[in-house]
Amino acid sequence: MTAVSPGRSEDPRRRIPRTDTLLALPEVVDARSRLSEAVLRSLITQAQSRARSGEITPEDVPPAVRAAVASRTATTLRPVLNATGVVVHTNLGRAPLPPAAVEALVASSGYVDVELDLMSGQRAKRGTGTRQALLAAVPAAVHKAIPEGLDALVVNNGAAALVLATTALAGTGELIVSRGELVEIGAGFRLPDLIASTGTRLREVGTTNRTHRADYADAIGPQTTGLLKVHPSNFRVDGFTSSVSIEELRSLIDEAAAEGADGRSLPLIVDIGSGLFSPDPLLPDEPDLAGALTAGADVVIASGDKLLGGPQAGILLGRSRTIQRLATHPLARAVRADKLTLAALEATLTGGPSPVTRSLHADPARLRERADRLAAAVDAPVVAHEGRVGGGGAPGVPLAGWAVRLPEDLAPLLRTGEPAVLPRVHDGACLVDLRCIPEPDDGRLAGAVRAAQALLASTGTSTSSRGSAGDHPDQPLGPGR
């Protein structure tokens, strides 16, 4: 033991356990199967630093390390209970996967026959099962309307699908598009910039609010290599407006081909964004894949992680010859989907209803029952609350429901609690909407609210939460592709 000079007290920092001693703790040794050495050392260093600063005593370091190791996972991403009422929440990773897709992710995490024919032992076409599931999801009437046949291709996201289609079909020529459809997608990315990066030149026609068939007809010329129609996301233009339908564009292309000396047919690329496969009465103005194909699109682009309710993916469905051009283009390799995406997307298509579908079509009466039960448990009122589709889908369409109204100061405590809960902060209140909360989690939600209430009461915390990700259903949810 080190002698202590008379009149001088021992520095408590000398009692802080050494790193090698802490690394030998049984809990740390056991954690090596799930956490890297660097992570474990970092947790130990953090505990030692807390002791050096006087935040905890040297004797508290081993328990602090044990607690940190027990709570630390291999990812910093935290599961969140979405209490905003926004179904496809971009800031929360958009669509929560259905159970079948989660099981498929786990099953495909090891070696799988993603590009192998087990019967012959030879290399096979990639993601055949996912392609077949996509084609099977298209209504029979659409297959019948396109005698030449349909095909499908999956890439890593919607923006990649648009880049591939533009590059492979339009090349360095002119792609005609309405000015009213030159949208900005999530995180400030703009479609004109995205397309221009491929080397394709955009030929804008019409105005922001009105575009006519004649605008397209007048723009078609020797440099034209395609027509693009984009469904505007996250906004609506009302009033004095007009646009050109897919059917009209198809007839215009056919007329131009008949009149042209070479009889060439310009490709019609349609980006519908959200990914409905067939019409949904709840979303009457939202385009769907089946309708776009029947109307005459050569290829339709959609995202897998929006209204379809699957993983992030860019889906390209269209006429066989068009999809083959895309699949054989060199860029297709750079944007192809991995095995996890293919597995989750196939399971989303072949499994039961997705959480997105369930949340969109939730029974208002049942939502009220659940809200009343939560309100009684936390001693708070229930108020009418309109949810939103989110993710650029059906902008402005309200989803009638209910929310439990809590003090605004509870919002940051809910976000940082366990489990983490993201409410909507609006009009000076913290609103908890159960639309997107799985019903088995209602008890966990009530517990989180009670814990936040207790913490607020014990500490008198008063933290402003304005500007949070739950502040308004539409503000943080850039449409994305």
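Begin by selecting helix H8 (residues 158–170) and helix H13 (residues 320–327). Leu-164, Ala-165, Ala-168 and Leu-169 in H8 are in contact with Thr-322, Arg-325 and Leu-326 in H13, where contact means heavy atoms within 4.5 Å. Helices (H or I, at least four residues) and strands (E, at least two) are DSSP runs, numbered from the N terminus. By class, this contact has 5 nonpolar, 1 polar and 1 charged residues; Ala, Val, Leu, Ile, Met, Phe, Trp, Tyr, Cys and Pro count as nonpolar, Asp, Glu, Lys and Arg as charged, and the others, Gly among them, as polar.

The model is predicted, local features need pLDDT of at least 70, side-chain atom pairs count only at pLDDT 80 or more, and totals for chains, interfaces and linings use all residues. Residues are numbered from 1 along each chain as its sequence is written, and side-chain values use heavy atoms, with hydrogens and water left out.

Now display the helix axes. Those of H8 and H13 come within 9 Å and cross at roughly 100 degrees, which makes H8 roughly perpendicular to H13 (65 to 115 degrees). Axes are lines fitted to C-alpha atoms, for helices over the stretch in contact, and angles run from 0 to 180 degrees between N-to-C directions.

Next, show the open sheet of 7 strands, in the order S4-S10-S9-S8-S7-S5-S6 and with mixed pairing; two strands pair if DSSP finds at least two bridges between them. Strands S4 (150–155) and S6 (201–205) stand at the edges with a single partner strand each, so one side of each is left without a neighbour in the sheet.

Within this sheet, select S7 (residues 224–230) and S8 (residues 268–273), which run parallel and are joined by 4 bridges. Leu-227 stands opposite Leu-268 in S8. Helix H11 (residues 246–259) lies across S7 and S8, at about 170 degrees to S8.

Finally, turn to the open sheet of 5 strands, ordered S1-S13-S14-S12-S11 with mixed pairing. Its edge strands, S1 (80–83) and S11 (382–387), each pair on one side only, and the twist averages 45 degrees from one strand to the next. Select helix H17 (residues 364–378), which packs on this sheet, touching S11, S12 and S14, with its direction at about 5 degrees to that of S12. S12 (residues 399–407) and S14 (residues 429–433) pair in the antiparallel sense over 5 bridges; Leu-406 has Cys-430 in S14 as its bridge partner.

Technical notes
Parallel < 35°, antiparallel > 145°, perpendicular 65-115°, else oblique.
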